[in-house]
Amino acid sequence: VEFVVRPPEGTSPHLSVFLAGDGPLLGDWSARGVPLTRWDDGTHRGAVDLPLGFCGRFLVTGGRWRLVEAVLRRAPGIRNLALADEQLGQLGVLAAV
């Protein structure tokens, strides 16, 4: 699965972006679990080889849980993002990192 994350306007181009989620392939909920690479178009991308039938949850982080918690307090409608195997391929995410 290729994850494509577009941080909000005004996000520092120097911010590192990571995935944290269920299981070792998604970082075992480490805030710096799966690093994503910044592209010239402003997106951050990374590929994870998830097995067929995988179903799990993940968050996009700036590498620290305090950043995620602050965003969730300001925007309570944001929740863990779900990933099911019918979505395997490319997954676009509008992040609040």
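Residues 24 or more positions apart account for 69% of the contacts (heavy atoms within 4.5 Å) in the protein with a separation of 6 or more. This is a predicted model, in which local features need pLDDT of at least 70 and side-chain atom pairs count only at pLDDT 80 or more, while totals for chains, interfaces and linings use all residues. Residues are numbered from 1 along each chain as its sequence is written, and side-chain values use heavy atoms, with hydrogens and water left out.

**Whole chain**

Begin with the entire protein, coloured by pLDDT, the predictor's confidence in each residue, from 0 to 100. The average is 74, and 67% of the residues score at least 70. Select residues 82–92: pLDDT stays under 50 there, and the model has 28 contacts beyond four places in sequence for this stretch.

Next, display the surface. Its accessible area comes to about 5800 Å², of which 53% belongs to carbon and sulfur atoms; the areas come from the Shrake-Rupley method with a 1.4 Å probe, and for residues only the protein chains shown count as cover. Of the 97 residues, 38% count as buried. Buried means under 20% relative accessible area, exposed over 50%, and partly exposed in between (1.4 Å probe, protein chains only).

**The core**

Select Phe-3, Leu-19, Leu-26, Val-48, Leu-50, Phe-58 and Val-60. Of the 13 residues in the largest nonpolar core, these touch the most other members. Such a core is a set of buried Ala, Val, Leu, Ile, Met, Phe, Trp, Tyr and Cys residues joined through side-chain atoms within 4.5 Å. Strands β1, β2 (17–21), β3 (34–38) and β5 each supply at least two residues of this core.

Centre on Leu-26. Beyond four places in sequence, the contacts of Leu-26 include Phe-3, Leu-19, Val-48, Leu-50 and Phe-58, and also Arg-57.

**The aromatic pair**

Now keep Phe-3 and Phe-58, both of which are buried. The model has one aromatic pair. The ring centres of Phe-3 and Phe-58 are 5.3 Å apart and their planes stand at 75°, so the pair is edge-to-face. Rings of Phe, Tyr and Trp (its six-membered ring) pair if their centres lie within 6.5 Å; planes under 30 degrees apart count as stacked, over 60 as edge-to-face and the rest as tilted. Because Phe-3 lies in strand β1 (residues 2–6) and Phe-58 in strand β5 (residues 56–61), the pair ties together parts that are 55 residues apart in sequence.

**Strand β4**

Move to His-44 in strand β4 (residues 44–47). His-44 is buried, at 4% relative accessible area. Among its contacts beyond four places in sequence are Phe-3, Val-4, Val-5, Leu-36 and Thr-37.

Arg-45 is also in β4 and counts as buried at 16% relative accessibility. The C-alpha atoms of Arg-45 and Phe-3 are separated by 5.5 Å, although the two are 42 residues apart along the chain. Show the Arg-45 side chain with Trp-39: its charged end sits over the Trp-39 ring, 4.2 Å from the centre. The criterion is NZ of Lys or CZ of Arg within 6 Å of the ring centre and within 35 degrees of the ring normal.

**The β2–β3 loop**

Finish at Asp-28 and Trp-29, which lie in the loop between β2 and β3. Most residues other than glycine have a negative phi. Asp-28 has a positive phi of about 50°, and Trp-29 one of about 65°. Trp-29 is partly exposed, with a relative accessible area of 26%.

Definitions and conventions
Helices (H or I, at least four residues) and strands (E, at least two) are DSSP runs, numbered from the N terminus.
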